[in-house]
Protein chains: 2
Amino acid sequence: MKSLKTPPIFCCPPLLGGRVTETEAASAAALFRVLGEPARLQLLSLIAAQPSGEVCACELVESLGLSQPTVSHHLKVMYEAGLLSKERRGTWIYYRIVQERLVSLRDLLA
Amino acid sequence: MKSLKTPPIFCCPPLLGGRVTETEAASAAALFRVLGEPARLQLLSLIAAQPSGEVCACELVESLGLSQPTVSHHLKVMYEAGLLSKERRGTWIYYRIVQERLVSLRDLLA
DNA sequence: AACTCATATCGATATATGTCAATATAAAAG
DNA sequence: CTTTTATATTGACATATATCGATATGAGTT
């Protein structure tokens, strides 16, 4: 089984200011592609809007007009990209935004 | 015909810190999706690496292992996303990075 | 005019992926 | 163990798009 903890944060060389290697471009593009989906951005903003900083997956399903499998899919994509962390508490799974990951993504564009 | 000048910079509401509308999510995602392509990131870094800040399209074709139509396609996508500006000088067309656009994109993740 | 070079567009194809219904798994309660 | 609820996975389908060869357009030259 896959861990419920946050995946490692592999960070990213600056995008501009020097030619980037093919590998660097590929991994950076993969990250951007994760954000290149309206549903995922809405999920991110929903999580960010919570005062507690975390949201149960069930709430996210109710909030968007998407099916449960689709929401689960998007959460998985963002989790595997290191953008979200998750924690199981009983039957529920709570998702959080991995701030450092967003910061490193921002630094890519510096 | 389309103008050779920089397209207008329509800017972007903060992504986190408040629920984002469906329209906002769509336009932001479109921008991220443009960067979600390794070839385009390599093109960006190639342009950024130039001391003059601009590159002739022909150089970009030679630098990457992609065909001329493919490079032309990627440049068009980035141009229409407001990430690049272009200027024709004689037979050649020179592309530049639109810094403000990248800055506003960074601000999306603040 | 014709020729050359640079760039853009067209058409076709292959791959990636968003979406859902159906099903599976996991956990708690009875 | 059975039931219920929450989440994940599977399989299928549709859409988007990256890529290329062929061709068109545009600018300069002779």
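Visitor: Which residue stands opposite Y94(A) in strand 3 of chain A?

Guide: Opposite Y94(A) in strand 3 of chain A stands C56(A). A word on conventions: this is a predicted model, in which local features need pLDDT of at least 70 and side-chain atom pairs count only at pLDDT 80 or more, while totals for chains, interfaces and linings use all residues. Residues are numbered from 1 along each chain as its sequence is written, chains are lettered from A and ligands numbered from 1 in the order in which they are written, and side-chain values use heavy atoms, with hydrogens and water left out.

Visitor: What makes strand 1 and strand 3 of chain A a pair?

Guide: Two strands pair if DSSP finds at least two bridges between them. Strand 1 (residues 54-56) of chain A and strand 3 of chain A have three bridges, in the antiparallel sense, so they pass that test. Strand 2 (residues 84-89) of chain A also passes, with six bridges to strand 3 (residues 92-97) of chain A, again antiparallel.

Visitor: How many helices and strands does chain A have?

Guide: Chain A has five helices and three strands, where helices (H or I, at least four residues) and strands (E, at least two) are DSSP runs numbered from the N terminus. Along the sequence they follow the pattern α-α-β-α-α-β-β-α.

Visitor: Which residues make up the covered face of strand 3 of chain A, and which the uncovered one?

Guide: I93(A), Y95(A) and I97(A) form the covered face, while W92(A), Y94(A) and R96(A) form the uncovered one.

Visitor: What is the order of the strands in the sheet of chain B?

Guide: The order is 1-3-2, in an open sheet of three strands with antiparallel pairing. Strand 1 (54-56) and strand 2 (84-89) of chain B are called edge strands, as each pairs on one side only. From one strand to the next the twist averages 30 degrees. Within this sheet, six bridges join strand 2 of chain B to strand 3 (residues 92-97) of chain B, and E87(B) stands opposite Y94(B). Helix 2 (residues 38-49) of chain B lies across strand 1, strand 2 and strand 3, running at about 95 degrees to strand 3 of chain B; axes are lines fitted to C-alpha atoms, for helices over the stretch in contact, and angles run from 0 to 180 degrees between N-to-C directions.

Visitor: Why is A29(B) called buried?

Guide: Buried means under 20% relative accessible area, with exposed over 50% and partly exposed in between (1.4 Å probe, protein chains only). A29(B) has 0%, so it is buried. This residue lies in helix 1 of chain B. Leaving aside residues up to four places away in sequence, A29(B) touches L35(A), G36(A), E37(A), P38(A) and L41(A), where contact means heavy atoms within 4.5 Å.

Visitor: How do you know that the buried residues of helix 5 of chain B are on the same side?

Guide: The buried residues of helix 5 (residues 99-108) of chain B are R101(B), L102(B), S104(B), L105(B) and L108(B). They cover an arc of only 160 degrees around the axis, which puts them on the same side of the helix; the arc is that of the directions from the helix axis to the C-beta atoms. Their cover includes helix 1 (22-35) and strand 3 of chain B.

Visitor: Why is the pair of F32(A) and F32(B) called stacked?

Guide: Over all chains, the structure holds one aromatic pair. Its ring centres, in F32(A) and F32(B), are 6.3 Å apart and the planes stand at 20 degrees, so the pair is stacked. The cut-offs are centres within 6.5 Å for rings of Phe, Tyr and Trp (its six-membered ring), with planes under 30 degrees apart counted as stacked, over 60 as edge-to-face and the rest as tilted. F32(A) lies in helix 1 (residues 22-35) of chain A and F32(B) in helix 1 of chain B, so the pair joins two chains. F32(A) counts as buried, at 0% relative accessibility, and F32(B) counts as buried at 0% too.

Visitor: What superposes chain A on chain B?

Guide: A rotation of 180 degrees with 0.0 Å of shift along its axis does, at RMSD 0.0 Å. That is the relation of a two-fold axis; the superposition is by least squares on the C-alpha atoms of residues with pLDDT of at least 70 in both copies. The copies meet through the same surface, because 100% of the interface residues of chain A are also interface residues in chain B.
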